[in-house]
Each structure stands twice: as structure tokens, then as C-alpha cells.
Amino acid sequence: MKRIAIFLTLILVGNLASAQFYVGVHGGATLPKSFYGDSRMSDNEWMFTQGHQHKAGAGRGWATGLDIAYAMPFHPSLEVLLSADYMQSPVSRDVEDYYLISYRHRYEHCAQYDMQLPQFRNIPVLAGVRYAYPVTNGVDLYGEALAGVNVRIITDWNFSFADASWTQTDGQTFGEYNNIDLKTYTNASTFAFRVGAGFLLKKKFSIGASFCMLGSSPLCWDRTVVTRYSVYGDMVENTATEHVNYHPVNPIMVTITAGFRLNPFGGSRHVQDW
């Protein structure tokens, strides 16, 4: 029995060593499109709706990822591809300027003021196919199509300010006043797909562009507002919470990436085909 197990293990290792099996890494820039990248303001509000689509105001960001590919033995130019990426975008400059500049002027009289705007994060895990066509010596043109699941994450939106004193409507002035406004967004998982094209150089280096639709899902968050203030030396604290279900957000973006890949088992590469 032990000899059979060793024999089967040797066969498996031998097959892997001769397989067209590649592991690659890539990274680059993300360019939000459509409503996902729309940051035009309306009544000084961000993330407002129009036509049941949510204007997220996402800015240009970055992406990195891992690819695992297996070339079909009957046609090495055709590959089965598994891809996992991490994409992150800040809010756009328009949104940042409004909240970090306009609000700062509004609360410049306060002793302390702080705002942390959210980041948009997407983690798509996709599977599909890639096909390469030789253009010239050492250069191949490829196209790919993948589908799978995306996990959308939006980090917390935190706004707080503190003042040394506060005044009632009757004009009486009291002591310290603090306010914390926190929005915690709910993560979402959606169907996603990606199509792309690019060039493969010397069978190892790649540069390409992809169009990604990462799935529409409702924007939901829990909001917590904590107010603390002193009255005649006694500290009073009030906490208010609410859950909000809003219109959908649909991450749509173009990515431009460069990468490198290798065959970890050192198998035959059929470089004439791929």
C-alpha cells in the first residue's frame, strides 16, 4: 500500500512538472466610471441618488492581485484562469475638498475638529478564460473574460468636533461640548465580471486594461451620534442610533495593470503558442 501511495505521488509530481501551470502577480491603477465615479454635488450633499443609482464619488485608486492559470494541453494558447484582486479607492478630490475644506471653515471656531472620509474597497474573486494570439516575435495579444463574486467594503465615516463651551437658547454659557458622528457601512457580496485585453511580453511580462462591473447592491449603514456636554460641572451624554437602507451602489471601473508570471514547476512552456 505504501509503495502504491509513493507511485501515485510520483505520477502527480511528474504531471505538475510538465503542466502549463502559471502563477502571476499584477498591480496598477483603477479609474471609477459611471455613477460609481460621479462626484457632482447636489444641495451640498454627497452620495445622493438619481435614477435609482447611487453617486458614490469614488476617486482614482490602485489595485493588486494574483492570477493562477492552466494552459489547455490540446491548445496552450487557451488558459483557464483564476484571479483574486484587492482594489482600493479614496473619495474623489471634489468630495474631499468639500468636506475637509468647507466643513473646516464651518467648525473652525471649535477647539478640535476631525473628519475621516471612507475608503472604497473591492475584493473580486473571478474565474474564466484567457486566449493569446502571437503578434510578433516575443509579443502576444491576449483577451480574457471572467466572472465570480465581489466583496464590497466601505470603511467608516467618522466626524467629530469639540468646543470649550456651548450656549443655550437663553444665552447662558456652559462648559465643554463634544460630538461624534460615526457611520459604519455594511459589507456586501455580489456577482461580478471582468473583460480585458493586453500584451504578453516574452511569455512572462504583461500589460493590459480591463473593464470591471463588480455588482450592484444597496448601500446600508448604522449611524451612531454621541453628544457629550457639561452643565454646572456635571457631564451629560446622549447617544442616538439609526439603521439606513439606501439606493444601490454599483462599482464600475477600468483598471490598467502590469504584471509578471512564471511556471513554478518549470514545465515545458510551448513558447511558440503562448
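**Polar contacts and strand pairs**

Reply: Let's begin with D67, whose side chain makes a polar contact of 2.9 Å with the side chain of S83 (a pair of N or O atoms within 3.5 Å, one able to donate a hydrogen and the other to accept it; residues adjacent in sequence count only if both atoms are side-chain atoms). This is a predicted model, where local features need pLDDT of at least 70, side-chain atom pairs need 80 or more, and totals for chains, interfaces and linings use all residues. Residues are numbered from 1 along each chain as its sequence is written, and side-chain values use heavy atoms, without hydrogens and water.

Me: Is D67 buried or exposed?
Reply: Buried, because its relative accessible area is 11% (buried is under 20%, exposed over 50%, partly exposed in between, with a 1.4 Å probe and protein chains only).

Me: And where does D67 sit?
Reply: In strand β4, residues 61-72 (strands are DSSP runs of E, at least two residues, numbered from the N terminus).

Me: Switching to S89, what does its side chain reach?
Reply: The backbone oxygen of G59, at 3.4 Å. S89 is in strand β5, residues 75-89, and counts as buried because its relative accessibility is 2%.

Me: OK, new topic: how do β13 and β14 pair?
Reply: Antiparallel, over 9 bridges (pairing needs at least two DSSP bridges). G196 stands opposite S210 in β14.

Me: Which residue in that hairpin has a positive phi?
Reply: K202, near 55 degrees.

Key:
Helices (H or I, at least four residues) and strands (E, at least two) are DSSP runs, numbered from the N terminus.
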